[in-house]
Amino acid sequence: MFLEHARKAQPATIAFLRELVECESPSHDGAAINRFHDLFAARVADIATVKRVKAGAYGSHLLCRFRLPGGRRRSKRILALGHADTVWPMGTLRTMPWREEKGRLWGPGVLDMKAGLVFFVQAMRALRDLDVPVAAEVVLQINADEEVGSHSSRALTETNAKSSDAVLVLEPGTGLQGKLKTARKGVGSFRIDVRGVSSHAGIDIAAGASAVHELAWQIEKIRRFTNLKRGVTVNVGVIGGGTRTNVVPAEAFAEIDYRIPRLSDYEPLAAKFAGLTPRDSRCSLTITGELNRPPFERTPAVAALFATAKRLAKALGVDLEESATGGGSDGNFTGAIGVPTLDGLGAVGEGAHAVNESILVDRIADRVALLAALVGEVR
């Protein structure tokens with residue numbers, strides 16, 4: 001039923017997706033995000049009531065409440081999560097144009113994650129067209145700032161999740177198998193600023209205390225904070241310091257990414273950073289940081305939601321698998337507050353954030369059908 005409907009509607013699905021991909025919407029460009037949301041709102045007006053939530057410099061977030069069969073009294077609520085922003089700057093279409101080629105659809109943001117947004121809308125249209133009663137209120141929240149940390153949308157996401165029975169995250173699946181994501185690592189960062197003592201490198205080098213040398217020593221210690229057995233990773237990704245080659249540098253810094261699979265991993269890691277001390281007593285360290293996205297851990301409720309998805313996918317001829325990933329999404333927030341969350345329900349493809357970003361055409365229909373079946377399953 002759902003699969004046949006999705007196949008018949010696939011030309012319309014692709015046309016809708018092309019419109020969204022060709023409406024570029026980079027992070028930090030509030031005007032572009034708002035244009036994208038204007039287009040999206042116009043295209044879903046037949047099936048959803050749309051509300052905008054101001055997001056400051058990011059433009060706006062979008063809330064779409066779907067009008068579905070099943071009566072006005074609903075005891076359940078489903079929150080679907082997506083984002084409008086992409087990592088691609090304005091003008092990327094000139095070098096990465098939309099195209100249909102080799103059984104794929106290509107273009108900036110097609111996989112991450114405009115296809116997921118389109119698939120969900122088309123799934124809701126399938127429920128309406130087939131007159132399938134839906135017991136839940138269904139809300140799609142499209143955030144404007146996911147790719148840059150979700151600072152303006154996090155509170156909105158958590159508030160809406162707390163009043164929901166389940167959260168469906170429309171990020172792409174894992175790999176070309178399209179595995180769903182039932183766990184994500186927490187994502188955070190630390191910054192170390194080192195203050196030393198400058199001096200003339202040729203005349204009086206001993207009078208100086210090199211911030212760069214101190215930072216190099218600290219980096220070697222930080223490297224050992226990674227614990228692959230526990231899945232904890234720490235990466236010094238950006239460093240800087242100094243002014244001229246003939247000056248002993250008085251300042252240096254490092255920016256560090258870390259990933260943790262469990263919230264219980266945070267305090268021990270934070271204690272290691274807090275415990276760093278200068279090797280050269282003439283230097284000082286300032287350490288700042290945050291856990292930007294808490295871990296989304298696989299709970300029995302998450303496992304049960306995946307089991308439902310796997311059963312429904314089997315009826316569609318798909319052997320659905322699950323995965324855990326080190327990447328973060330807005331699903332981290334909903335999973336961390338205990339709401340059953342299923343992530344990776346968007347497109348199947350590869351090349352997120354890369355020039356080969358693309359999705360598989362022959363996996364469009366089954367993903368749309370799965371989303372429709374999941375929402376229709378709620379009782």
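Modeller: Helix H8 (residues 300-315) packs against H10 at about 125°, and their axes are 10 Å apart. That makes the pair oblique, a word for whatever is left after roughly parallel (under 35 degrees), roughly antiparallel (over 145) and roughly perpendicular (65 to 115). This is a predicted model, in which local features need pLDDT of at least 70 and side-chain atom pairs count only at pLDDT 80 or more, while totals for chains, interfaces and linings use all residues. Residues are numbered from 1 along each chain as its sequence is written, and side-chain values use heavy atoms, with hydrogens and water left out.

Axes here are lines fitted to C-alpha atoms, for helices over the stretch in contact, and the angles run from 0 to 180 degrees between N-to-C directions. Helices (H or I, at least four residues) and strands (E, at least two) are DSSP runs, numbered from the N terminus.

On the H8 side the contact (heavy atoms within 4.5 Å) uses Thr-308, Ala-309, Arg-311, Leu-312 and Ala-313, and on the H10 side Leu-370, Ala-373, Leu-374 and Glu-377.

H10 also packs against H4: these two axes come within 8 Å and cross at roughly 60°. By the cut-offs above, H4 is therefore oblique to H10. This crossing, too, is right-handed. From H4 the residues involved are Phe-119, Phe-120, Gln-122, Ala-123, Met-124, Ala-126 and Leu-127, and they meet Ile-364, Arg-367, Val-368, Leu-371, Ala-372, Val-375 and Gly-376 of H10. An α-helix has 3.6 residues a turn, so residues three or four places apart point the same way.

As for H10 itself, 13 of its 14 residues are buried, so the helix is largely enclosed by the rest of the structure. Buried means under 20% relative accessible area, exposed means over 50%, and partly exposed lies in between (1.4 Å probe, protein chains only). The helix runs over residues 364-377; at 1.5 Å a residue it should span 20 Å, and its end C-alpha atoms are 20 Å apart, so the two agree. The expected span is 1.5 Å times one less than the number of residues.

A nonpolar core is a set of buried Ala, Val, Leu, Ile, Met, Phe, Trp, Tyr and Cys residues joined through side-chain atoms within 4.5 Å. The largest one has 74 residues, and those with the most contacts inside it are Phe-40, Phe-66, Phe-120, Met-124, Leu-140 and Ile-359. Helix H4 (residues 110-129) gives the most to this core, 13 residues. Apart from it lies another core, of 21 residues, including Ile-192, Val-232, Leu-276 and Leu-285. Leaving aside residues up to four places away in sequence, Phe-40 touches Phe-16, Leu-20, Leu-62, Cys-64, Leu-117, Val-121, Leu-140 and Ile-142.

The peptide bond from Asp-112 to Met-113 is cis, with omega near 0°, and Met-113 belongs to H4. Most residues other than glycine have a negative phi, and most peptide bonds are trans.

Finally, the loop between strand E17 (349-350) and strand E18 (358-360) holds Val-355. Its relative accessibility is 67%, so Val-355 counts as exposed. Even so, Val-355 touches Trp-88 and Met-96, not counting residues up to four places away in sequence. Val-355 and Pro-97 are 258 residues apart in sequence and 10 Å apart in space, C-alpha to C-alpha.

Notes
Left-handed = near helix turned anticlockwise from the far one by under 90°.
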